[in-house]
Structures are given as C-alpha cells and as structure tokens.
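Thanks for asking me to look this one over. Here are my notes, point by point, to read alongside the structure.

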Amino acid sequence: MCRVFAGQDPEGYRQINRSIRIDGHSTSIQLEATFWALLDEIAESQGLTTPKFISTLYDEAIEINGQIPNFASMLRTTCALYLRGHRPTAGERAALKQVAA
C-alpha cells in the first residue's frame, strides 16, 4: 500500500517559492509543487488568477477569523478541502468574478 505513496515523483514535493502581493504587501509563500498546481486549478475554476484567489482568500479569512496563524498551512488545507469536494456555490463564484473585474 505505501508503495503508491513512497514511489511518487519527487517533483511533486519539490519546494517552490512564489512572491504574491497580499493586503498591499509583497510576500513570499513556500509550498510544494503539488499544492501550487492545485491552487492554480482552484483559482482557474473560480475565474481568477492564482495571486488574486490567494489574496481574496486571505482577505476573507482575516474578515472571518481576525488572524491567520499559518497562512501556508491554510493554503494546504484549502487544497485538501477542494480535493474532498468542497466547492463554492454558484452565487459565491459570481461574487468572486465581480471582485476580479
């Protein structure tokens, strides 16, 4: 059973840094390549660029929770939720597209 996981392509867990502007500040986020690919997919499904999706996610999380102790971990769990089938409603997607315009 573990061979499926142990034999995965090392490229998938290669660390990648991306610079993104969040809340008016340039910041660097380090995630594994697989998570960046998933975030790109999620953003595209919302009609947003990846930086715009991440910035919107950050803003909404601050609004809801007041703080984000570990944003990189939040991005990873966002990917896990997405893989488990959690998707925004049609109304939420429409609102995101209005923000992006």
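**Notes on the predicted model**

1. Glutamine 15 stands opposite glutamate 32, which belongs to β2. Strand β1 covers residues 15-22 and strand β2 covers residues 25-32; the two run antiparallel and are joined by 8 bridges.

2. A hairpin is formed by β1 and β2, with 2 residues between them. In that turn, aspartate 23 has a positive phi of about 55°.

3. Next, the packing of α2 against α3. Their axes are 8 Å apart, and the angle between them is about 85°. With angles of 65 to 115 degrees counted as roughly perpendicular, α2 and α3 are therefore roughly perpendicular to each other. On the α2 side the contact uses Trp36, Leu39, Asp40, Ile42 and Ala43, and on the α3 side Thr50, Phe53 and Ile54. By class, that gives 6 nonpolar, 1 polar and 1 charged residues.

4. Helix α3 (residues 50-65) also meets helix α4 (residues 71-83): their axes come within 12 Å and cross at roughly 110°. That makes α3 roughly perpendicular to α4. Here α3 contributes Phe53, Ile54, Leu57, Tyr58 and Ala61, while α4 contributes Phe71, Met74, Leu75 and Thr78. This contact of α3 with α4 has 8 nonpolar residues, 1 polar and no charged.

5. Now the core. Which residues have the most contacts inside the largest nonpolar core? They are Ile29, Trp36, Leu39, Phe53, Ile54 and Leu75, in a core of 22 residues. Two or more residues come from each of β1, β2, α2 (33-45), α3 and α4. The element that gives the most is α2, with 6 residues.

6. Is isoleucine 54 buried or exposed? Its relative accessibility is 0%, so isoleucine 54 counts as buried, the cut-off for that class being under 20%. Leaving aside neighbours up to four places away in sequence, isoleucine 54 touches Ile20, Ile22, Ile29, Trp36, Leu39, Phe71 and Leu75.

7. Finally, a distance you can check quickly in your viewer. Isoleucine 54 and glutamine 30 are 24 residues apart along the chain, and their C-alpha atoms are separated by 13 Å.

Notes: Residues numbered from 1 in each chain as written. Predicted model: local features only at pLDDT ≥ 70, side-chain atom pairs only at ≥ 80, totals over all residues. Heavy atoms only, no water. Axes fitted to C-alpha atoms, helices over the stretch in contact; angles between N-to-C directions. Helix = DSSP H or I, 4+ residues; strand = E, 2+ residues; numbered from the N terminus. Parallel < 35°, antiparallel > 145°, perpendicular 65-115°, else oblique. Contact = heavy atoms within 4.5 Å. Nonpolar A, V, L, I, M, F, W, Y, C, P; charged D, E, K, R; others polar. Pairing = 2+ DSSP bridges. Core = buried A, V, L, I, M, F, W, Y, C linked by side-chain atoms within 4.5 Å. Buried < 20%, exposed > 50% of the residue type's maximum accessible area, 1.4 Å probe, protein only.
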